[in-house]
Amino acid sequence: MRKLVILGNGIDLNFGLHSSFKDYFESNDAPQKLKRLIELDGKENWYNLENFIMKMSSTRLDGNSTIMEHPGVYHETYYRLIPQMYLIQKSLIKYLKHEEEHVEKGCFSKNVRKYLESASSIINFNYTDITTDSYKIPRQKIYHVHGSLKEKYIILGNANENLVEGVPNYYRIFSKPYLRDILDLKRYLGKKYLHKIDIFNRFKTYDAYYYSQYKLSPYLIEPEVYQILCSMNNYYDENSKYFYDKKFDLFKGVRKEDFRRIEQILLKTQQNKDFFTGFIDYLVDNCFRPFKIKLPIKPEENNIPEYYAFPEEFDEITIIGHSLQSDKELIADLIRACINLKKINIFRFNGEEKQNLNILLKYNDLDENIVVNEIEY
């Protein structure tokens, strides 16, 4: 069995990194426009920013919330927010890079070292690498779920998917699941294809329509393609929404010929096959569905080329520095997918972590068979 570690911003704060939203908000790097926008919405934690994005992305200019009268009511609100988000991302990367460069690296906790070194996989919710670099953890087993400073690409968005599903497809650009799809494509293209910008922009348009799975995008309107995809959906009962598990791996193998058939049909209709092949390759690789996170492991722990682990293989999760106040959907889905999970270790930072975890477990009916162990730094 394997062990998984989840890293959150609390561990960066323990290193002395000024990486809280309050730190950034009060710095000279934070745009003045951001300060005027969010002053009344709270500035203590990162989930305050997420709540602000959620509020902005679901409210019409007249102040009313999501009443679906006509998609156009969102247009001005979204296009007022988009430039601000790009500005925040750029300034936040600059701010955190400066912080990371000027913080003193060191191994301040034997407990942290113990769990990081014994982990098969690490999910890092931080944009920084200060923790894993300080403890000399191999990068092959680290997954930056929301981007990183090294990639010069970070995700800021809204995690409330129930709200997102009530917003017109075209305006889902602040949905974290959608943004994770975009990030995964960016990583995929970084390894393989030319014409990256064209494919990247085409996929963003495709995914804005496609992500909900209930509606095919304009690129998949071929009747035969629609029929095959609908047929496949009847044979796949999803276990994990976000993580690549054994069930999805089996589905991908069994329906491999169907995916190739779809690929052949779509390529026949495209004039620019050289460009479109990369786009379709990515969709085939993900079964024409939102991508699922593959948990990386060290090469020596696996003899297959892709080096990833299934959630079913983990019996222990350790949470270091994550308050569980944000990304609840993702973490709850991960815990549900780890069907052999026996224990969750959670490091104590401000005393709320264990309480938040217990609430999450109870809400998802996962509290009876999992032992929760609180650990001091």
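Two strands are taken to pair if DSSP finds at least two bridges between them, and helices (H or I, at least four residues) and strands (E, at least two) are DSSP runs, numbered from the N terminus. The model described here is predicted, so local features need pLDDT of at least 70 and side-chain atom pairs count only at pLDDT 80 or more, while totals for chains, interfaces and linings use all residues. Residues are numbered from 1 along each chain as its sequence is written, and side-chain values use heavy atoms, with hydrogens and water left out.

We turn to the sheet. An open sheet is built from 6 strands with parallel pairing, in the order β3-β2-β1-β8-β9-β10. At its edges stand β3 (142–144) and β10 (371–375), each with a single partner strand, so one side of each is left without a neighbour in the sheet. On average, neighbouring strands are turned by 20 degrees against each other, direction ignored. Strand β9 (residues 343–347) runs parallel to β10 and is joined to it by 5 bridges; asparagine 345 stands opposite asparagine 373 in β10.

Helix α16 lies across β8 (314–320), β9 and β10, at about 150 degrees to β9. Axes here are lines fitted to C-alpha atoms, for helices over the stretch in contact, with angles from 0 to 180 degrees between N-to-C directions. The axes of α15 (residues 328–337) and α16 (residues 353–363) come within 11 Å and cross at roughly 65 degrees. Lys328, Ala332 and Ile335 of α15 make the contact with Leu357, Leu360 and Leu361 of α16, where contact means heavy atoms within 4.5 Å.
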